[in-house]
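Let's take a walk through this model together, one feature at a time. Have the viewer open and follow along as we go.

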Amino acid sequence: MSLSNFEYQEIMQMYEDRRLSNYHLHEQRKKEIYQKIPRIRDLDRQMAANSVALGRKLIAGDDPALRETCRQQNRQITLEKQKLLSDQGYPENYLDPIYNCTQCKDTGYIGQERCRCFQQAVINLLYSNSNMEKLLERENFHTFREDYYSDQITSDGLPSPRANIRKILQHCHGFINRFPNHENILFQGSTGVGKTFLSHCIAKEIMDRGYTCAYTTAFQLFDYLAKHTFRKEREEDTERSLNMIFQCDLLIIDDLGTEMVNKFVISQLFQCLNERLIQEKSTIISTNLSVREFRDTYSERIFSRVIEHYSWHKIYGDDIRFKKSNLT
């Protein structure tokens, strides 16, 4: 995903702020422990002295035996520190360096490659600019309410909307726990039954676990694809959005079927879905279209891909937005 210099510096400043904050927290913890358990301060000094002494001895030449002796000494010191902490009710790793991402140690890079957390930082930046970040704070599994769904069996004999949504929620949690799983989901239902809300719930969980997740409406998706295809000059924002759409671990396409459907849209949708299937990237689609409407609206190739590779979940019930507004 390409970034402007300003955006890159903004992300790197975030990492710098994160490292500084964690450093201060680590120093506060050391100060606290040194006051409560002075023996640990002595052990830290001893470990530092061991390392300095080893370095001086190795100036004359490498000596594996000296390295192993120092390692064993420091290992014993570490075990004693962990026991002292545990005896006082602290976690054994309480004095370990603090990182938001243990993979890159809050640098954003693993070697020369960008860490997954860096890729997510790019998406978070885009979300922040579009207010998506605040939206996910409101719409997540903690705020999801089953009581908006009736517990009455439907007139056509289907399980109650509440029983149905509970089954769907169970599948969603399994999807999250197995991620990255190369699985895909399609939520189908009328307006206001919670398809988008449920997609946001999954998005937040996936992002909190360090995977990259991108959200786009169907209209936005085809707008990006059209700009990329028909404009001679490439726009940086469009190119970045397309890279995100094809490369992110989880893509959410909301309101599929509300866009103006034509041959271009059908061909581009097939390309997008098929490319993500080839790359084994997960996708979630929400649509108001029924199975028959979906098949009639898009090509047989798209329909067969979705039937074969997506778990199809129909959400039904009253319009939740009306219930929230106390209109019913």
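## A guided walk through the model

Keep in mind that the model is a predicted one. The peptide bond leading from Phe179 into Pro180 is cis, its omega being near 0 degrees.

Asp106 is not a glycine, yet its phi is positive, at about 60 degrees. With a relative accessibility of 1%, Asp106 counts as buried. Another aspartate, Asp255, is found in strand 5. Asp255 also has a positive phi, near 60 degrees, in a residue other than glycine. Asp255 counts as partly exposed, at 28% relative accessibility.

Now let's turn to how helices pack. Two packed helices are described by the angle between their axes and the distance between the axes. Helix 2 (residues 38-58) and helix 3 (residues 64-87) pack at about 170 degrees, and their axes are 10 Å apart. Since angles over 145 degrees count as roughly antiparallel, that is how helix 2 runs relative to helix 3. On the helix 2 side, the contact includes Ile40, Leu43, Met47, Leu54 and Leu58, and on the helix 3 side one finds, among them, Leu66, Cys70, Ile77, Leu84 and Leu85. Charged residues take part too, including Arg39, Asp44 and Lys57 of helix 2 and Arg67, Glu80 and Lys81 of helix 3. By class, this contact has 10 nonpolar, 6 polar and 6 charged residues.

A second pair is arranged at another angle. Helix 8 (residues 218-230) and helix 10 (residues 263-278) pack at about 100 degrees, with 11 Å between their axes. This makes helix 8 roughly perpendicular to helix 10. Here Phe222, Leu225, Ala226, Thr229 and Phe230 in helix 8 meet Phe264, Val265, Gln268 and Leu269 in helix 10. The contact of helix 8 with helix 10 has 7 nonpolar residues, 2 polar ones and no charged ones.

Next, pick out Leu251, whose place is in strand 5. Leu251 is buried, with a relative accessibility of 0%. Which residues does Leu251 contact, leaving aside its neighbours within four places in sequence? They are Ala214, Thr216, Ile245, Cys272, Arg276, Ser282, Thr283 and Ile284. For a sense of spacing, the C-alpha atoms of Leu251 and Leu273 are separated by 9.9 Å, and these residues are 22 apart along the chain.

What about the cysteines? The structure holds 0 disulfides. Cys213 and Cys248 illustrate the point: the sulfur of Cys213 has its closest cysteine sulfur in Cys248, 6.6 Å away, which is too far for a bond, because a disulfide needs the two sulfur atoms within 2.5 Å. Cys213 is buried at 0% relative accessible area, and Cys248 also counts as buried, at 0%.

Charge pairing is our last stop. Side chains of opposite charge can pair when their charged atoms come close. A search of the whole structure finds 14 salt bridges. One of them joins Arg19 and Glu16, with an N to O distance of 2.7 Å. These two residues are 3 apart in helix 1 (residues 5-36), so about one helical turn separates them. Arg19 is partly exposed at 31%, and Glu16 is partly exposed at 37%.

Asp249 and Arg116 form another salt bridge, their closest N and O atoms lying 3.6 Å apart. This pair links distant parts of the chain: Asp249 sits in the loop between helix 9 (236-247) and strand 5 (250-256), while Arg116 is in helix 4 (residues 116-129), 133 residues away.

Finally, Arg295 and Asp296 meet through their side chains in a salt bridge of 3.8 Å, N to O. Arg295 counts as partly exposed at 35% relative accessibility, and Asp296 counts as exposed at 56%.

How values were computed:
Residues numbered from 1 in each chain as written. Predicted model: local features only at pLDDT ≥ 70, side-chain atom pairs only at ≥ 80, totals over all residues. Heavy atoms only, no water. Axes fitted to C-alpha atoms, helices over the stretch in contact; angles between N-to-C directions. Helix = DSSP H or I, 4+ residues; strand = E, 2+ residues; numbered from the N terminus. Parallel < 35°, antiparallel > 145°, perpendicular 65-115°, else oblique. Contact = heavy atoms within 4.5 Å. Buried < 20%, exposed > 50% of the residue type's maximum accessible area, 1.4 Å probe, protein only. Salt bridge = Lys/Arg side-chain N within 4 Å of Asp/Glu carboxyl O.
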